Amino acid sequence: MMWTAVTEHRATLGEGPFWDEPTQALYWVDIAGKQALRLIGANVQIWQMPEHVSAFIPTQSGDALVTLSSGVYRLDLESPGLEPRLTLLCMADPTPGNRANEARCDALGQLWLGTMQNNIGKEGEDLPIARRSGGLFRIDSDGRVLPLLRKRGIPNTLLWSPDGTTVYFGESLDGTLYRHFIYPDGSLAPAEVWFGPHPRGGPDGSAMDARGYVWNARWDGSCLLRLDPDGHVDRVIELPVSRPTSCVFGGEDLKTLYITSAASPLGHPLDGAVLSMQVDVPGVSCTRFAG
C-alpha cells in the first residue's frame with residue numbers, strides 16, 4: 001500500500017486520531033508535546049495545552065473535549081492556539097501521578113477513557129512504569145463518571161463490536177488485546193484474551209473497518225496488523241515509521257486510513273508523522289461526544 005505524510009508536522013508522541021465526518025477534519029494530539037491538532041484541507045491548527053493531552057474529540061455542542069492529566073476539559077475551538085479556553089467537564093481519575101491515555105466515544109457518544117501512571121518527564125523523556133495504577137472510566141454527556149476497570153498499566157485500543165455488546169480493550173504491559181462483554185447495566189464482564197503477544201511489536205491504538213476487522217498499530221513493530229473478528233492475523237501492513245501509535249478511517253468514503261506515530265531512538269525521517277493510505281474497505285465512522 002502507498003502512504004503519504006499528511007503534513008510536515010512531526011510529533012514526539014502522536015496519538016488519538018479522530019475523523020470528524022461533518023467537517024471532514026482530522027483531530028489528533030502530541031501527548032508529550034502538549035498539543036491538540038486539527039487538519040482541515042491543507043490547514044493545520046494547533047492548540048498548546050497546559051498539560052499532557054491524550055485525546056482531542058469534537059462534541060455535538062460544537063466545541064471539543066481534551067483529556068488532560070488533571071481531568072477532561074471542554075476546549076473552545078474559537079480560542080487562539082496559544083491561549084486556549086478550557087472548562088473542566090470532570091475529573092475521571094483523581095489518582096495522584098496518573099494521566100489520561102486512550103480515549104474514544106462509543107456509538108452513543110459516551111467517552112471511554114483509559115488512564116495510567118504518568119510516564120513522561122518534564123523534558124518529554126520516558127519514565128518507567130512502576131505500578132498498574134490506571135483504570136477505565138465511562139463519561140456520560142453530563143460529565144457523570146462510571147469507573148469500569150481498575151489496576152490498568154498502559155491502556156490502549158478502545159473499540160466496540162458492531163452489535164455494541166462487546167468492548168475491545170488493550171493492555172500494552174501484557175502485549176494483549178482483551179474483550180469484555182458489556183452487561184445491560186453498563187458494567188463489564190471479566191476480560192477474555194482476544195489477541196495475545198505477537199513478535200511484531202506491542203499493541204497500541206486501533207480502528208475497526210466495516211467488516212468488523214481490527215487494524216492495530218504495533219509500537220516498535222513498524223506495521224499495522226489487520227485482525228479478523230476471531231482475533232487471527234489477516235494481513236500485515238508495513239509502515240515507514242518505527243512506532244505507529246494508532247489509526248482511524250477517514251475521507252469522504254471512509255477508505256483513507258490515517259496513522260499517527262511517535263519519535264523513536266532509530267530516528268527514521270517519518271517518525272512522528274501522520275501518514276495516510278488508501279485501503280480497500282471502508283471503516284467505521286467516529287462518534288462525537290454527545291454533550
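On a 1 Å grid over the protein atoms alone, a cavity is a set of points where a 1.4 Å probe fits but cannot get out, and its lining residues have an atom within 4 Å of a point. This is a predicted model, in which local features need pLDDT of at least 70, side-chain atom pairs count only at pLDDT 80 or more, and totals for chains, interfaces and linings use all residues. Residues are numbered from 1 along each chain as its sequence is written, and side-chain values use heavy atoms, with hydrogens and water left out. The structure holds two cavities of 30 Å³ or more.

**Annotated span**
- UniProt, in an unreviewed entry, lists residues 13-262 as "domain: SMP-30/Gluconolactonase/LRE-like region"; positions are given in the numbering used here, feature names are shortened, and such annotations may be inferred rather than shown by experiment.
- The span of residues 13-262 is 0% helix and 54% strand, and its end C-alpha atoms lie 4 Å apart.
- Helices (H or I, at least four residues) and strands (E, at least two) are DSSP runs, numbered from the N terminus.

**Largest cavity**
- The volume of the largest cavity is about 80 Å³, where a volume is the space filled by probe spheres set on the grid points, which are joined across faces, edges and corners.
- Its lining consists of Leu68, Ser69, Ser70, Gly71, Val72, Met91, Ala92, Asp93, Arg99, Ala100, Leu113 and Thr115.
- Strand S8 (71-75), strand S10 (98-105) and strand S11 (111-117) are the elements that give two or more residues to this lining.
- Six nonpolar, four polar and two charged residues make up the lining of the largest cavity; Ala, Val, Leu, Ile, Met, Phe, Trp, Tyr, Cys and Pro count as nonpolar, Asp, Glu, Lys and Arg as charged, and the others, Gly among them, as polar.

**Second largest cavity**
- The second largest cavity contains about 50 Å³ of space.
- Glu15, Gly16, Ile31, Ser54, Asn101, Glu102, Ala103 and Asn156 line the second largest cavity.
- At least two residues of this lining come from each of S2 and S10, and S10 supplies the largest share, three residues.

**Sheet S2-S3-S4-S5**
- Four strands in the order S2-S3-S4-S5 form an open sheet with antiparallel pairing; two strands pair if DSSP finds at least two bridges between them.
- Strand S2 (14-20) and strand S5 (43-48) are the edge strands, and each pairs on one side only.
- On average, neighbouring strands of this sheet are turned by 20° against each other, direction ignored; axes are lines fitted to C-alpha atoms, and angles run from 0 to 180 degrees between N-to-C directions.
- Six bridges join strand S4 (residues 35-40) and S5 in the antiparallel sense, and Ile40 has Asn43 in S5 as its bridge partner.

**Sheet S18-S19-S20-S21**
- A second open sheet of four strands runs in the order S18-S19-S20-S21, with antiparallel pairing.
- Strand S18 (202-208) and strand S21 (233-238) each have a single partner strand, so one side of each is left without a neighbour in the sheet.
- Neighbouring strands here are turned by 25° against each other on average, direction ignored.
- Strand S20 (residues 223-227) pairs with S21 in the antiparallel sense over five bridges; Leu227 has Val233 as its bridge partner in S21, and Cys223 stands opposite Glu238.
- The hairpin of S20 and S21 has five residues between the strands, and Gly231 in this hairpin takes a positive phi near 85°.

Definitions and conventions:
On a 1 Å grid over the protein atoms alone, a cavity is a set of points where a 1.4 Å probe fits but cannot get out, and a pocket is an open set with protein on both sides within 12 Å along at least five of seven lines; lining residues have an atom within 4 Å of a point.
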